[in-house]
Amino acid sequence: MTSPIGKDLLALEPLTGDQIRLILDTAEPFKEISERAIKKVPTLRGKTIVNLFFESSTRTRISFEFAEKRLSADTVNVAASGSSVQKGETLVDTARNLEAMRIDMVVIRHGSSGAAKFLADRIESNVINAGDGTHEHPTQGLLDLLTLRDHLGDLAGRKVCICGDVLHSRVARSNLWGLKKLGVEVGVCGPRSLLPNAIESLGVTVFDHIEEAIEWADALNILRLQLERMHAGYIPSLREYNRIFGVTSARLEKAPRDLLILHPGPMNRGVEIDSDVADGPHSLILNQVTNGVAVRMAVLYLLAGGNAQLAEAAKGQGER
Amino acid sequence: MATTSSTLLDARAMLRTLRRMADEIVELNGGTEGLVLIGIQRRGVPLAERLCTIIGERENVTIPTGALDITLYRDDLQTVGPRPVVGPTRLPWELEGRHVVIVDDVLYTGRTVRAALDELADFGRPARIALAVLVDRGGRELPIHPDVVGRSVDVLRGDHVDVYVEELDGRDAVVLKRRAEEQ
Amino acid sequence: MSIARRVPNVEPAAPTLLRGGRLLDPSTGLDSPGDLFIVDGRIEHVGDRLESTPDGAEVMDCTGLIVSPGFIDVHCHLREPGREDVETVATGARAAAAGGFTAICAMPNTSPVTDNQAAVGFIVRQAQLANAARVYPIGAISVGQMGEKLAEFGEMVGAGAVALSDDGKPVVSAQLMRTALEYARTFNVPVIDHCEEPTLADGGAMNEGIVSARLGLKGIPAEAEEIMAIRDILLARRTGGHVHLAHMSTRGSVELIRWGKERGINVTAEVCPHHISLTEERVLGYDTNAKMNPPLRTAADVEALREAVADGTIDVVATDHAPHHYDEKEREFADAPNGIVGLETALAVVVTNLVVPGLISWSTLVDRMACTPARIFHLPGGTLRRGTVADITVFDPDAEWTVDPTTFLSKGRNTPYAGMALRGRNRCTIVEGRIVYRASVT
């Protein structure tokens, strides 16, 4: 495989800082394509991409679909409900069927950690992880990095705090690795019942109080608090969560500097983030969405094609 | 891998050539009305900017210029190894009804120009598109012909014609490189 | 296979002379080169070399090999009845024989559960038909392993059960565990607990720690095991019953067992070969053959468990042999079943990880795999004493081999050791004087 980032994009943990920078740099020119009247280039013409979504996700699926279509790929969406998956087909059989249909790439969202790797190990096609269980969501991590870089420039030495349910968040893990590889100091803040208790050994600073995190950080990446966490007893109530850990404008006003605010969405306004913060001047939430398409185009571009044998044959043709 | 180099154009010759090309572009267009120069990434971009400056000084007008990266329109993307770096594309105005001149450093197979024509078509419908190149080295693989040529050279297939521009390379020159054993 | 089966006519075994091996029996303190002669399923002679070969004796040259009491695995899952596609009593018994085990104890979490005398009798009969390693049934503690109503210990023991356990599940109710320990005293059998506090372990797929944090898998904390271990030890102290703690996996459990033994509490414990050879790091990459319960733990836990085998805090090595159909393991990590096969790799894993690095002697290995299991489960064998039953393992301490699951006699292929180079291999397994396994290589 000739792609500079490998056959698949499954996680940010195994990537180097240079590989991550390459993806972000590649995303830059793709931003402009989405501003054109005809938002489409022929780069992936003839490529077939399956968007395999075992978990429902409007935002990520649409973002990937735009990215694919703007690169002229042929796309098929498979949702778990109503498909053979719901009829009890195993993931390995799904993988074999995809392979038999000679597709080029698979974008997979799955509720089980490791599912993207499971698929990637079993098929030749390029696999992009669009979120696997509570493991990683690498393109979200990348778009967060791109958004931060747009506003802060070089990220080395900056401080970013990931706030909320780190334990169950694939976004948190991808951010954590991506930020660290770009030299960012990473903090996490949330109730200890929602942080992995080995979190400190991953090289992050833990804040028990959101006020301390706000004083420390240049940017906050505020995770969505999933309502089922409350039902599962990790926290007593959403009301108390907002009072103790909610990012509010009153808390932000006490910060020594203006903090950039990120949120992977969908937001629970009034729980982990207050509306005036989400809609405020330092909120980058919509920039994240815009950058999501560019980052995904960059990843598709970098992974697709690049057939080693053809490349060898094409060598030495000189300038064009 | 011994190679011999010979300079086709030095800095002064290159300036003279660009001035002549500027004149020909204005003549071809019948003036500067509606004229737009679009350089192809990477060395076509500074060349287009210089042509604009020259035309602007002579005609006392401001000619709009742009940059086009054709990587995503290349017909060999499936075969090239590591993915080529994509440069920025800047076309900050409407192309409808304009007289567009594509500017590139070297014209060879014509495939780059083919990609540029495809890409421009996605941006709009110019009244006319012309092609200006600093060097035409022959060897076309597509029915594409330049309208304005700085210098035509007859070279062998294995030869390299390298264009250096002050903005990117620190000097202006056009150099022919030929493998010694092929002579 | 037909349902109506007969017990095979086992031909009386010929007298067998094991010549020139290293006779190693910690139960009698024997460790010297010599001959062992078996007649009519009993050990007729053990010790000095015989001057001549007795008439009609089959002679086996054991030069360079260790001749020891047969290994006994007190913890395995044979899946019959219910999942004969995965393993049967017969295939399990043959796999055991191949691994050097002359006897194994089958856990009752079959379908239906082995929770009554008829079910126990079924296992006994299937084992007779197998004509390989002995298979001793373990009866369930509670009816249907539901953790509610005590099963009929007396009748099950009468039918051949050698211990009681709800393994696969913990005994959640402390009161039921207390009653089981008390009631089992009449029959003098151990009560085995699978130590797992269910609310802490709920949904867990691996050890809770840095690796689970990285992989985004729900962890099972060490405390889930340790809380139940100390509960059981305290109940054994209260009742005077014999509690046997299955598959101990943490440093904390070792300390708790040591604490109990120092106070004279009737507690014994086992460790599995995988818990003294592999760590949680093995889960990186989501290999479902590294998924078991209790899960692979940290290097510190492995170190503590190895020391505990050496100093006797852990009494026995047991496999927790758990075959699964390959389809069941070929899936998402969180959804894959727990467990690995172990009968055919146990000896080599222990040799490679404990004997080769010098943590235990060959004598201690034989003690933990043969003598002590027989003693604490009150089973025949476990000794080379003259006149006792000839359950004997002959193994090559120096054989180097690479694990190839396709050669297993078990139906299960789910092992994390595939492709791994190990040392120590069984050469011959003798049950009551009959050779039930003999390696094709010499």
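**View 1. Helix 4 and helix 7 of chain C pack at an angle of about 45 degrees, with their axes 9 Å apart.** That angle makes helix 4 of chain C oblique to helix 7 of chain C. Keep in mind that what you're looking at is a predicted model. Helix 4 covers residues 174–184 of chain C, and it passes helix 7 of chain C in a right-handed crossing.

**View 2. Another helix pair in chain C: helix 1 (residues 89–99) and helix 2 (residues 117–130).** Here the axes come within 8 Å and cross at roughly 55 degrees, so helix 1 of chain C and helix 2 of chain C are oblique to each other. The crossing of helix 1 and helix 2 of chain C is right-handed. On the helix 1 side of chain C, look for C:Val89, C:Ala90, C:Ala93 and C:Arg94; their partners in helix 2 of chain C are C:Ile123, C:Gln126, C:Ala127, C:Leu129 and C:Ala130. The contact between helix 1 and helix 2 of chain C splits into seven nonpolar residues, one polar and one charged.

**View 3. Helix 8 of chain C (residues 251–262) and what it packs against.** This helix 8 of chain C has twelve residues and reaches 17 Å from its first C-alpha to its last, close to the 16 Å expected at 1.5 Å a residue. Its buried residues are C:Arg251, C:Ser253, C:Val254, C:Leu256, C:Ile257 and C:Gly260. Those buried residues of helix 8 pack against helix 7 (222–239), strand 13 (243–245), strand 14 (267–271) and helix 9 (299–311) of chain C. Just after helix 8 of chain C, check the backbone at C:Gly264: its phi is positive, about 75 degrees.

**View 4. Helix 11 of chain C (residues 346–355) is mostly covered.** How many of the ten residues of helix 11 of chain C are buried? The count is nine. They are C:Ala346, C:Leu347, C:Ala348, C:Val349, C:Val350, C:Val351, C:Thr352, C:Asn353 and C:Leu354.

View 5. With 22 C-beta neighbours inside 10 Å, C:Ala201 counts as buried. Which residues is C:Ala201 in contact with, leaving aside its neighbours within four places in sequence? The set is C:Glu196, C:Ile220 and C:Ala224. C:Ile220 sits 19 residues from C:Ala201 along the chain, yet the two C-alpha atoms are separated by 4.9 Å.

**View 6. Where chain C touches chain A.** In this view, 14 residues of chain C are in contact with 21 residues of chain A. The chain C side of that contact has seven nonpolar, two polar and five charged residues. Two pairs of chains touch, and the pair with the most contacts is A and B. As for chain B and chain C, no contact joins them; their closest C-alpha atoms lie 27 Å apart.

Definitions and conventions: Residues are numbered from 1 along each chain as its sequence is written. Chains are lettered from A and ligands numbered from 1 in the order in which they are written. This is a predicted model: local features need pLDDT of at least 70, side-chain atom pairs count only at pLDDT 80 or more; totals for chains, interfaces and linings use all residues. Axes are lines fitted to C-alpha atoms, for helices over the stretch in contact, and angles run from 0 to 180 degrees between N-to-C directions. Helices (H or I, at least four residues) and strands (E, at least two) are DSSP runs, numbered from the N terminus. Angles under 35 degrees count as roughly parallel, over 145 as roughly antiparallel, 65 to 115 as roughly perpendicular and the rest as oblique. A crossing is left-handed if the near helix is turned anticlockwise from the far one by less than a right angle, and right-handed if clockwise. Two residues are in contact if their C-beta atoms, placed from the backbone, lie within 7 Å. Ala, Val, Leu, Ile, Met, Phe, Trp, Tyr, Cys and Pro count as nonpolar, Asp, Glu, Lys and Arg as charged, and the others, Gly among them, as polar. The expected span of a helix is 1.5 Å times one less than its number of residues. A residue is buried if 20 or more other C-beta atoms lie within 10 Å of its own, exposed if 12 or fewer, and partly exposed in between; C-beta atoms are placed from the backbone.
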